[in-house]
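My notes follow in the order I went through them.

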Amino acid sequence: MKTSFLPALLILFKVTIALGQDFDLKVKWGQEFKTPRSTLNDVVGHDATGFYAVHNRFRAFGKVEYSLQHFDKSMNPGQVADLDIESGKRSGKITNLLHLKGKLLLFYSLDDAKAKVNSLFMDEIDKQTLQPKGMAKKIGEIDYAGKSKRNRGSFQYRVSRDSSKILLLYSLPYTEGQ
């Protein structure tokens with residue numbers, strides 16, 4: 001039995017190597033990325049002009065600020081815009097930024113502590129100014145009445161493999177013992 005196992009393993013190894021795919025990857029290096037107290041969070045998407053990236057800046061008390069930057073095809077950094085979401089006295093929390101069907105979509109949540117409602121909004125980003133267009137649509141809401149402020153539920157996203165659809169998930173606030 002031991003003698004038949006070794007030849008079978010060698011045959012399997014050779015078949016795996018023979019059927020392996022050869023990827024013709026081309027890597028283009030840009031300038032060194034120098035942004036003080038900032039990290040590159042995600043490359044959101046690309047179009048004919050270049051690609052879009054999100055930066056995180058960490059502030060005091062665990063606050064995170066986001067900025068969106070455009071890089072041209074030669075990897076040269078371009079325009080940068082801070083993404084600040086405010087509605088009255090409330091500031092929004094950016095939950096996701098997607099490039100879908102040629103559009104940059106910003107998802108953010110606003111928490112209304114008095115009404116105990118956590119609302120999810122979507123707005124399109126103008127690719128010239130890298131700022132929200134100001135035409136936000138409310139697409140979800142979680143009522144967390146009777147729960148603490150830290151237990152207000154959450155929103156999650158999944159994008160289809162062909163990038164044509166978005167699945168929006170939300171987790172309701174938990175109850176004691178769950």
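Entry 1: I began at Phe 5, which is found in helix H1 (residues 2-19). Helices here are DSSP runs of H or I with at least four residues, strands are E runs of at least two, and both are numbered from the N terminus. I looked up the cover of Phe 5 and found it exposed, with a relative accessible area of 56%. For that label, buried means under 20% relative accessible area, exposed over 50%, and partly exposed in between, with a 1.4 Å probe and protein chains only. Phe 5, Leu 6, Leu 9, Leu 10 and Leu 12 make a nonpolar surface patch of about 530 Å². Patch residues have over 30% relative accessible area and no salt bridge; nonpolar side chains (Val, Leu, Ile, Met, Phe, Trp, Tyr) are joined within 5 Å, like charges within 9 Å.

**Entry 2: ground rules.** I reminded myself that this is a predicted model, where local features need pLDDT of at least 70 and side-chain atom pairs count only at pLDDT 80 or more, while totals for chains, interfaces and linings use all residues. Residues are numbered from 1 along each chain as its sequence is written, and side-chain values use heavy atoms, with hydrogens and water left out.

**Entry 3: the whole protein.** I counted 1 helix and 12 strands. Of the 178 residues, 28% count as buried. The protein exposes about 13200 Å², and carbon and sulfur atoms supply 55% of that area; the method is Shrake-Rupley with a 1.4 Å probe, and for residues only the protein chains shown count as cover.

**Entry 4: a four-stranded sheet.** In what order do the strands of the open sheet run? I read S7-S8-S9-S10, with antiparallel pairing; two strands pair if DSSP finds at least two bridges between them. Strands S7 (93-100) and S10 (137-143) stand at the edges with a single partner each, so one side of each has no neighbour in the sheet. The twist averages 20° from one strand to the next, with axes as lines fitted to C-alpha atoms (for helices over the stretch in contact) and angles from 0 to 180 degrees between N-to-C directions.

Then I went pair by pair. S7 and S8 (residues 103-112) share 7 bridges, and Leu 98 stands opposite Leu 105 in S8. S8 and S9 pair over 9 bridges, with Leu 106 partnered by Asp 123 in S9. Their hairpin has 4 residues between the strands, and there Lys 116 takes a positive phi near 55°. S9 and S10 pair over 6 bridges; Ser 119 faces Glu 141 in S10. I also noted that S9 (residues 117-125) is mostly covered, with 7 of its 9 residues buried.

**Entry 5: salt bridges.** How many salt bridges does the structure hold? I found 5, counting a side-chain nitrogen of Lys or Arg within 4 Å of a carboxyl oxygen of Asp or Glu. One of them joins Lys 127 and Asp 47 (3.1 Å, N to O). That pair links distant parts of the chain, 80 residues apart: Lys 127 is in the loop between S9 and S10, Asp 47 in strand S1 (residues 38-47). Lys 127 is partly exposed at 23% relative accessible area, and Asp 47 is partly exposed at 22%.

Another bridge joins Lys 133 and Glu 124 (3.3 Å, N to O). Elsewhere, salt bridges that share partners join Arg 57, Glu 65 and Asp 82 into one network.
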